[in-house]
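Reader: I would like to learn how to read ring and helix contacts in a model. Please show me the structure and take me through it.

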Amino acid sequence: MSLSVSPCLDRALWDTTVNELGGHPQQLWGWGATKAAHGWSVDRVIVREDDGVVVAAAQVLCRSLPFPLRRLAYIPRGPQALPGREADALEALVGYVRAAHPSVALSIEPDWDEAGDAVRALPGAGWKASTNTILIGRTLILDLRRSEEDLLADMTKKHRQYIRKSGREGLDLRRVVRSELPACLDVYRLTAERAGFGIHEDSYYLDIFDNLGDASPVYAAFQGTDVVAFLWLSTTDATSFELYGGMTDEGERLRANYALKWFAISEMKARGVHRYDFNGLLNDGVSRFKMGWAKHEDQLAGTWDYPLSPLYPVFSRALPVAKRGMQLARRQAGRAVGAARRMRAGRAS
């Protein structure tokens, strides 16, 4: 039975389809709307059989590249597909992208287990493993269908102790409203300066909050009226995914991130979400903190490219250089914004 690929222009239908297929938050309409406001174009497509049965869906993000590369087509944590139909869906999507969005490559980072049949079949279907990663495949995913007692038992002893300790500090743990986001972003900016990573302008984060709505809860630990730690999630019916987080020096002293993360995990569990994804593990202090929450790690599919142009080898070599330049520019811009804010604050005092 042949498959057809058609654009979806109905937000409610799209998000319902993503959830019915067990999709990831980065496939939700609101995530694409945010990317569309910040340099990408978006095409949301549904893959159907001749009888109308939905086999898969993919939110395809496209980014213009210098001539003659044209553009890159990218599916973050997708596509979502019926079990066993992943290969069929990808074949249909490659044909669609080739015709609708001529690109140097179609890049995917699906929310699939690395050891699964769908990933093992990729090389034979013409896909190439890539090191030009956007979303890290090595991660930690909690099964929230387990009891809270089992989740706690899987943590390190130190994590359980710090959850209890920070829970006794009199912190107010709750979901924030939009007017409180600037305080969270101030904390994020300080965290980025301290750790040396780049961040976006505030409008990007506000767009995420507005476009995803209830699918992007932000939780914070307050000491009085001050935010000392925050944790920003995105979520579908199946999966919660950590986006951003940070804390102040006082928050670190109080171990506020322990109580806050456990609070967020408990909130997602109560919401009926099955999976809690910590969004990547590296060899750094943040990752060591993440790894204390369970005794296992998870390895997702990673990054795979389907070359659509003879210039793909040029693109695959040039992209890491371009990414390093963008990251450096973002870090420098973040430092400049932080310095300007501190200068204004000094004048006001």
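Author: Start with charges and rings. A charge sits over a ring if NZ of Lys or CZ of Arg is within 6 Å of the ring centre and within 35 degrees of the ring normal. This is a predicted model, in which local features need pLDDT of at least 70 and side-chain atom pairs count only at pLDDT 80 or more, while totals for chains, interfaces and linings use all residues. Residues are numbered from 1 along each chain as its sequence is written, and side-chain values use heavy atoms, without hydrogens and water.

Reader: Which ring does the charged end of Arg-44 sit over?

Author: The ring of Trp-29, at 3.7 Å from its centre.

Reader: Where is Arg-255 found?

Author: In the loop between helix 9 (249-253) and helix 10. Helices are DSSP runs of H or I with at least four residues, strands are E runs of at least two, and both are numbered from the N terminus. Arg-255 has a phi near 55°, a positive value in a residue other than glycine. Arg-255 is partly exposed, at 29%.

Reader: At what angle do the axes of helix 6 and helix 10 cross?

Author: First, the axes. They are lines fitted to C-alpha atoms, for helices over the stretch in contact, with angles from 0 to 180 degrees between N-to-C directions. Helix 6 (residues 157-167) and helix 10 (residues 256-271) cross at roughly 95°, and their axes come within 7 Å. That makes helix 6 roughly perpendicular to helix 10. The classes are: under 35 degrees roughly parallel, over 145 roughly antiparallel, 65 to 115 roughly perpendicular, the rest oblique.

Reader: Which residues make the contact?

Author: Contact means heavy atoms within 4.5 Å. Helix 6 supplies His-159, Tyr-162, Ile-163, Ser-166 and Gly-167; helix 10 supplies Ala-256, Tyr-258, Ala-259 and Trp-262. These residues split into 6 nonpolar, 3 polar and no charged. Here Ala, Val, Leu, Ile, Met, Phe, Trp, Tyr, Cys and Pro count as nonpolar, Asp, Glu, Lys and Arg as charged, and the others, Gly among them, as polar.

Reader: How many aromatic pairs does a search of the whole structure find?

Author: The search finds 19. Rings of Phe, Tyr and Trp (its six-membered ring) pair if their centres lie within 6.5 Å; planes under 30 degrees apart count as stacked, over 60 as edge-to-face and the rest as tilted. Take Tyr-188 and Phe-197: centres 5.8 Å apart, planes at 50°, so the pair is tilted. Tyr-188 is buried, at 8%. Phe-197 is partly exposed, at 33%. Tyr-188 and Tyr-244 also form a tilted pair, with centres 5.6 Å apart and planes at 55°. That pair links distant parts of the chain, 56 residues apart: Tyr-188 in helix 7 (residues 181-195) and Tyr-244 in strand 13 (residues 239-247).

Reader: Which residues do ring pairs link into a cluster with Tyr-188?

Author: Phe-197, Tyr-204, Tyr-205, Phe-209, Phe-230, Trp-232 and Tyr-244.

Reader: Where are cis peptide bonds in the backbone?

Author: One joins Phe-67 and Pro-68, with omega about 10°. Another joins Gly-78 and Pro-79, with omega about 5°. Pro-68 lies in the loop between strand 3 (54-64) and strand 4 (71-76).

Conventions
Buried means under 20% relative accessible area, exposed over 50%, partly exposed in between (1.4 Å probe, protein chains only).
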